Amino acid sequence: MPILSALLFAAALPAAPPALPANAATLVVYRAYAEPILFAPTLVIDDHEFGTLGQKRRLSFALAPGKHVIEAVWPAFSAQRNATLEVRAAPGQQLYVELQGAAAPMRRKGTSALVEQDAATGAAALACCRPPR
């Protein structure tokens, strides 16, 4: 019986994530303030969901060098347009991307954007944006 339990437990373990190259870039996506404030968009990178981005929050990722597509996908009932940005990551580079958004009057969709920021602006914004809980 203990052998069967061990086999079942081992089969339930998730597969190891793919290894990143030693020269991976770092991507930091942050949201200092973006309307609508009551909703959090899902962050999607290269067609993979990586979590939600609430107000005054940030998410960090290691990226392989090359081209990547970042999307902020808002809940349908938020009345907000999704945002997409294509970035090119260089080996060892630190990328900062800010989520910006503005709500719209009733029955219209608001606007949102993912904006690549320079290192000084991005680093300064991290003081207000906490990592996820």
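This is a predicted model: local features need pLDDT of at least 70, side-chain atom pairs count only at pLDDT 80 or more; totals for chains, interfaces and linings use all residues.
The sulfur of Cys129 lies 3.2 Å from the closest cysteine sulfur, which belongs to Cys128, and this is too far for a bond. A disulfide is a covalent bond between the sulfur atoms of two cysteines; here the term is applied to a pair of cysteine sulfur atoms within 2.5 Å. By this rule the count comes to zero disulfides. Cys129 is buried, with a relative accessible area of 1%, while Cys128 is partly exposed, at 30%. For these labels, buried means under 20% relative accessible area, exposed means over 50%, and partly exposed falls in between, with a 1.4 Å probe and protein chains only.

Residues are numbered from 1 along each chain as its sequence is written, and side-chain values use heavy atoms, with hydrogens and water left out.

Turning to the strands (DSSP runs of E, at least two residues, numbered from the N terminus), Leu43 is found in strand S2. Leu43 is buried, with a relative accessible area of 1%. With residues up to four places away in sequence not counted, the contacts of Leu43 (heavy atoms within 4.5 Å) include Val29, Phe50, Leu59, Phe61 and Ile70.

His68 sits in strand S5, residues 66-73, and is buried as well, with a relative accessible area of 9%. Its side chain reaches the backbone oxygen of Ala64 at 2.7 Å. Neighbours within four places in sequence aside, His68 is in contact with Asp46, Leu63, Leu85, Glu86, Val87 and Ala89.

On the surface, a nonpolar patch is formed by Tyr33, Ile37 and Leu38, with about 370 Å² of accessible area together. Patch members have over 30% relative accessible area and no salt bridge; nonpolar side chains (Val, Leu, Ile, Met, Phe, Trp, Tyr) are joined within 5 Å, and like charges within 9 Å. A salt bridge, in turn, is a side-chain nitrogen of Lys or Arg within 4 Å of a carboxyl oxygen of Asp or Glu. Areas come from the Shrake-Rupley method with a 1.4 Å probe. Tyr33 lies in the loop between strand S1 (25-31) and strand S2 (42-45), and is partly exposed, with a relative accessible area of 48%.

How values were computed
Helices (H or I, at least four residues) and strands (E, at least two) are DSSP runs, numbered from the N terminus. A polar contact is a pair of N or O atoms within 3.5 Å; within protein, one must be able to donate a hydrogen and the other to accept it, and residues adjacent in sequence count only if both atoms are side-chain atoms.
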